[in-house]
Amino acid sequence: MADARRLPDFKQSVKLKYVKLGYHHLISHGMYLVLIPVMSVLAAQISTVSPRDLNEVWNHLRFNLVSVLLCSALLVFLCTLYLLTRPRPVYLLDFSCYKPDPSRRCSRQTFMDRSRLTGTFTDANLDFQRKILERSGLGEWTHLPEAVLNVPPNPCMAEARKEAETVMFGALDELFDKTRVKPKDVGVLIVNCSLFNPTPSLSAMIVNHYKLRGNILSYNLGGMGCSAGLVSVDLAKDLLQVHPNAYALVVSMENITLNWYFGNDRSMLVSNCLFRMGGAAILLSNRRSDRRRAKYQLVHTVRTHKGADDKCFGCVTQQEDEQGKVGVALSKDLMAVAGDALKTNITTLGPLVLPASEQLLFFATLVMKKAFKMSKIKPYIPDFKLAFEHFCIHAGGRAVLDEIEKNLQLSEWHLEPSRMTLYRFGNTSSSSLWYELAYAEAKGRIRRGDRTWQIAFGSGFKCNSAVWKALRTVDPAKEKNPWMDEIHLFPVPVPKFSAISSS
């Protein structure tokens with residue numbers, strides 16, 4: 001009986017789906033539907049013009065040679081001005097994600113054993129970490145650096161440098177091999193790592209290791225959280241607008257060794273359970289000749305910063321606990337702050353990417369609520385599935401992914417790259433977006449013309465977006481990325497998030 005009652009509702013939802021789809025196609029192709037009759041009328045009118053009328057027009061133009069030359073010169077000037085001032089296209093030649101050695105693998109049991117052997121955690125907090133692990137969305141194959149897995153742990157500057165070099169050079173070696181670009185040809189280098197900023201800097205370590213050229217534009221970004229990867233891409237885009245025929249190298253990573261928390265403040269223990277070892281390297285170019293071999297073109301970047309609000313500013317903070325032990329504290333307001341930042345970000349991005357049909361519905365709803373005071377009308381959530389084929393949402397935690405899936409009305413298929421990245425590699429901070437894109441490539445999902453939306457959140461508080469357009473179909477048989485040897489094992493079922501109290 002229950003199934004019988006649900007059947008009319010199902011039929012109604014299917015009808016509404018097709019009505020909305022028809023509306024979308026009508027609005028999207030409305031210009032053509034208007035232009036075709038207009039062009040037909042113009043063609044009919046031109047066909048009635050006699051040869052004598054055409055001859056009079058030609059004579060008129062011939063006797064006004066100065067006007068013709070001036071108009072032609074103006075047209076040439078405007079075309080030249082447009083070509084000189086339009087933004088340079090930014091291409092993503094390729095990217096690589098570091099896959100740690102199997103000896104660095106850390107199962108849940110290994111994590112708990114190492115935490116117990118440190119002797120610094122109370123029994124209650126060991127149980128708290130176990131519950132976090134069970135509900136975090138992380139699987140049994142994530143990785144931690146050697147210094148954390150050692151018994152006893154050995155967090156020191158030398159080990160932190162060792163981890164950084166292993167991740168950065170591992171990703172870069174693979175990237176240079178894939179693109180066949182010589183390190184000496186790189187003109188811009190941007191490295192982002194939020195919590196580890198040694199002297200000499202991480203970017204200087206790369207310059208020294210690969211003997212990059214002396215006039216390279218080198219930048220080292222720190223303290224910007226998990227969204228720093230897209231900040232780096234946006235900075236590279238701006239630099240490529242003013243430096244012609246250049247390659248820009250972006251390295252995104254986080255360092256675990258010196259940022260493992262050994263105290264008992266639960267707001268800081270959560271980061272131990274989520275963050276894992278990883279990193280990515282991305283090669284960008286503004287050379288038009290590189291379009292034929294590039295994978296993607298950067299279409300848009302949108303950055304949102306909510307740091308002016310004290311609650312947003314303090315929701316992710318590196319600080320000392322009561323015993324003086326340093327860790328990263330996560331506020332209970334984090335989910336609400338992330339939702340507000342995402343709302344602001346997509347309000348800016350929406351008009352750039354959404355089809356006219358969705359923008360009209362959103363505007364009509366807004367007018368009815370604001371102008372006509374129709375408060376009972378729910379805010380219209382645009383269908384971003386009409387603007388993008390793929391979604392790469394920062395794998396910060398299961399709760400974040402589930403909330404975005406619900407709010408943006410995405411399917412499990414759309415969230416699969418993010419959930420599997422969290423399960424297989426954990427939260428690798430700013431590099432997680434690239435593990436997700438690599439997953440989509442390994443699954444053979446990327447087709448020429450597909451649009452991908454990368455969304456990242458970071459301390460401060462920031463929400464950043466990048467939109468990429470695939471320039472060619474990616475053949476997984478020819479790809480080399482961290483998923484290829486095991487992609488047949490995925491996806492795996494991951495239960496939905498259930499709220500955890502950190503009190």
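**Note on the predicted model**

1. Of the 503 residues in the chain, 46% are buried (buried: under 20% relative accessible area; exposed: over 50%; partly exposed: in between; 1.4 Å probe, protein chains only). This is a predicted model, in which local features need pLDDT of at least 70 and side-chain atom pairs count only at pLDDT 80 or more, while totals for chains, interfaces and linings use all residues. Residues are numbered from 1 along each chain as its sequence is written, and side-chain values use heavy atoms, with hydrogens and water left out.

2. The chain has 17 helices and 11 strands; helices (H or I, at least four residues) and strands (E, at least two) are DSSP runs, numbered from the N terminus. Among contacts with a separation of 6 or more, 81% join residues 24 or more positions apart, a contact being heavy atoms within 4.5 Å.

3. Helix 5 (residues 108-118) has Phe111, Met112 and Ser115 buried. These residues lie on the same side of helix 5, because they cover an arc of only 95 degrees around the axis, taken from the directions from the helix axis to the C-beta atoms. An α-helix has 3.6 residues a turn, so residues three or four places apart point the same way. The buried residues of helix 5 pack against helix 6 (123-135) and helix 11 (266-274).

4. Asp113 is also in helix 5, but counts as partly exposed, at 28% relative accessibility. Its C-alpha atom is 9.7 Å from that of Leu149, 36 residues apart along the chain. Just after helix 5, Gly119 has a positive phi of about 75 degrees.

5. Glu159, in helix 8 (residues 157-179), deserves a check. Glu159 is buried and has no salt bridge; Lys162, the nearest side chain of opposite charge, is 4.5 Å away. A salt bridge needs a side-chain nitrogen of Lys or Arg within 4 Å of a carboxyl oxygen of Asp or Glu. Leaving out residues up to four places away in sequence, Glu159 touches Ala147, Asn154 and Thr257.

6. Leu74, Phe77, Leu78 and Leu81 make a nonpolar surface patch of about 390 Å². Patch residues have over 30% relative accessible area and no salt bridge; nonpolar side chains (Val, Leu, Ile, Met, Phe, Trp, Tyr) are joined within 5 Å, like charges within 9 Å. Leu81 belongs to helix 4 (residues 65-85) and is partly exposed, with a relative accessible area of 41%.

Terms used: Areas by Shrake-Rupley, 256 points an atom, 1.4 Å probe, with all protein chains shown as cover. Lys, Arg positive; Asp, Glu negative; His and termini not counted.
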